[in-house]
Amino acid sequence: MQTFNSQLSKLGVERGTWNVRRFSPVHGLGSRLKFGDVYFTMTSHNTLGLLFSRASCILVGHLVATEVILEAASVPIPAKPTAVFAAPLTGPAICRPGYVAPDCLVAPFDIRGNFAAVGNGLAKPAVSKDVRPDPPSLHRPEFANDGQYGNGSSWVSHSPDSWIKIDLGKVMSADRVRLGRDRVGLLDNHDPGQITLQTALSENAYTNGDDSNDATEYTTVFQTRAPNFPGTFGPGESLEAAFPPVQARYIKVQVFNFAAALDEIEVFGFSAVTAKTRGNQNAVTVQFSQPVDPVSATIPQNYGISGGVGVQGVLLLETAKVRLFTTPIPAGQPYTLTLTEIKSSRNEDLPSGSQLKFFQTQSGITRKEYQYALPQ
Ligand SMILES: [Ca+2]
Ligand SMILES: [Ca+2]
């Protein structure tokens with residue numbers, strides 16, 4: 001590991017990607033630092049991902065720093081989370097007693113296929129570095145994977161660059177993590193700042209406040225950076241971070257901002273992601289999160305469509321995408337696709353009860369796909 005340790009004004013920095021290992025400003029949070037022609041706002045004292053445009057460094061504004069240590073970063077390419085639909089609610093939103101809406105609201109949601117949800121029987125309640133102490137009945141680490149959305153069931157950090165970890169209960173093949181701030185009352189504050197996701201196969205101490213050995217136990221699988229990601233959630237927004245499938249038992253989420261709020265952390269593995277007709281009257285294209293087993297994924301009987309639509313054939317379009325050839329799919333109504341008995345190329349099962357909703361419509365379509373030959 002290459003380390004720079006220098007007075008800022010004398011610092012010569014090579015082009016590349018670096019983490020700020022230690023930063024000792026006389027003026028604190030919010031100070032601005034300029035490297036070449038790229039500005040960074042310092043919101044914490046460590047692990048800030050920086051991309052330097054050239055090998056120079058000057059002081060800007062009132063920033064006075066006494067020391068900076070930079071380490072070459074062994075992190076993935078800056079990644080961008082995708083806005084996705086939140087899981088559907090499965091019950092009414094209720095107000096935790098003693099508080100008013102929208103702060104108090106909690107609501108259960110569909111936890112099928114979600115490795116992190118305690119209610120699915122394996123995962124353990126989340127543990128965190130710290131938690132906002134007030135009000136304790138609305139913010140707790142274990143609320144980050146209790147199967148309920150809403151500020152009234154959230155974790156809020158209590159330091160910059162804090163973390164929260166979830167024990168999935170056993171080693172799973174994970175490929176996506178979904179995060180949000182408030183999927184019930186649509187509060188739009190306490191943004192996370194930049195987010196780092198790490199996974200581990202083992203933990204020496206899965207306990208609140210304990211991150212001993214984490215540096216050797218955990219591997220980064222996803223890390224956001226400006227300007228790819230502004231570090232904010234929109235009102236009610238769910239963001240999904242997808243990464244190559246990784247064997248993991250522990251998921252660690254690090255959030256950059258002080259008082260960052262997460263109402264739930266959801267973790268997924270092999271699953272069906274989207275079903276779209278693409279304007280085709282006799283076909284549905286299904287995208288999976290990982291490559292599929294070409295045998296089980298091309299058996300028509302493993303797919304069922306509501307509304308009396310029959311599946312007559314299945315074509316493997318790509319390693320993780322199939323096209324179902326169907327009886328006519330009348331326009332103007334929603335359908336539910338149910339998937340069973342399908343395995344990934346790594347021989348993992350789809351979560352039981354896997355379903356996708358899709359619409360057949362001829363309006364607003366910007367891309368249409370057709371298939372002229374039925375599979376043999
Ligand atoms: Ca929750
Ligand atoms: Ca540890």
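Author: Let me begin with strand E10 (residues 105-108) and E12, which run antiparallel and are joined by two bridges. Strands here are DSSP runs of E of at least two residues, numbered from the N terminus (helices are runs of H or I of at least four), and two strands pair if DSSP finds at least two bridges between them. This is a predicted model, in which local features need pLDDT of at least 70 and side-chain atom pairs count only at pLDDT 80 or more, while totals for chains, interfaces and linings use all residues. Residues are numbered from 1 along each chain as its sequence is written, with chains lettered from A and ligands numbered from 1 in the order in which they are written.

Reader: Which residue stands opposite Ala 107 in E12?

Author: Opposite Ala 107 stands Tyr 149. Both strands belong to an open, antiparallel sheet of three strands in the order E9-E10-E12.

Reader: And which strands stand at the edges there?

Author: Those are strand E9 (94-95) and strand E12 (148-149); each has a single partner strand, so one side of each is left without a neighbour in the sheet.

Reader: What is the order of the four strands in the other open sheet?

Author: The order is E20-E21-E24-E23, with antiparallel pairing. Strand E20 (272-276) and strand E23 (311-318) are the edge strands, each pairing on one side only. From one strand to the next the twist averages 20°, where axes are lines fitted to C-alpha atoms (for helices over the stretch in contact) and angles run from 0 to 180 degrees between N-to-C directions. Within this sheet, E23 and strand E24 (residues 321-326) pair over six bridges in the antiparallel sense, and Glu 318 has Lys 321 as its bridge partner in E24.

Reader: Changing topic, how many bridges join E14 to E17?

Author: There are 14 bridges between strand E14 (residues 162-180) and E17, and the two run antiparallel; one of the bridge partners is Val 255 in E17, which faces Ser 162. Strand E15 (residues 195-200) also runs antiparallel to E17, joined by six bridges, with Ala 200 opposite Tyr 250. Strand E8 (residues 82-84) is joined to strand E17 (residues 238-255) by three bridges, again antiparallel, and there Val 84 has Ser 238 as its partner.

Reader: Is Ala 226 buried, exposed or partly exposed?

Author: Ala 226 is partly exposed, because 15 other C-beta atoms lie within 10 Å; a residue counts as buried with 20 or more other C-beta atoms within 10 Å of its own, exposed with 12 or fewer, and partly exposed in between, with C-beta atoms placed from the backbone. Ala 226 is found in the loop between strand E16 (219-223) and E17. Apart from neighbours within four places in sequence, Ala 226 is in contact with Gln 194 and Gly 231, contact being C-beta atoms, placed from the backbone, within 7 Å.

Reader: How should I read coordinates where pLDDT is low?

Author: Where pLDDT is low, the predicted coordinates should not be read in detail.

Methods. Two residues are in contact if their C-beta atoms, placed from the backbone, lie within 7 Å.
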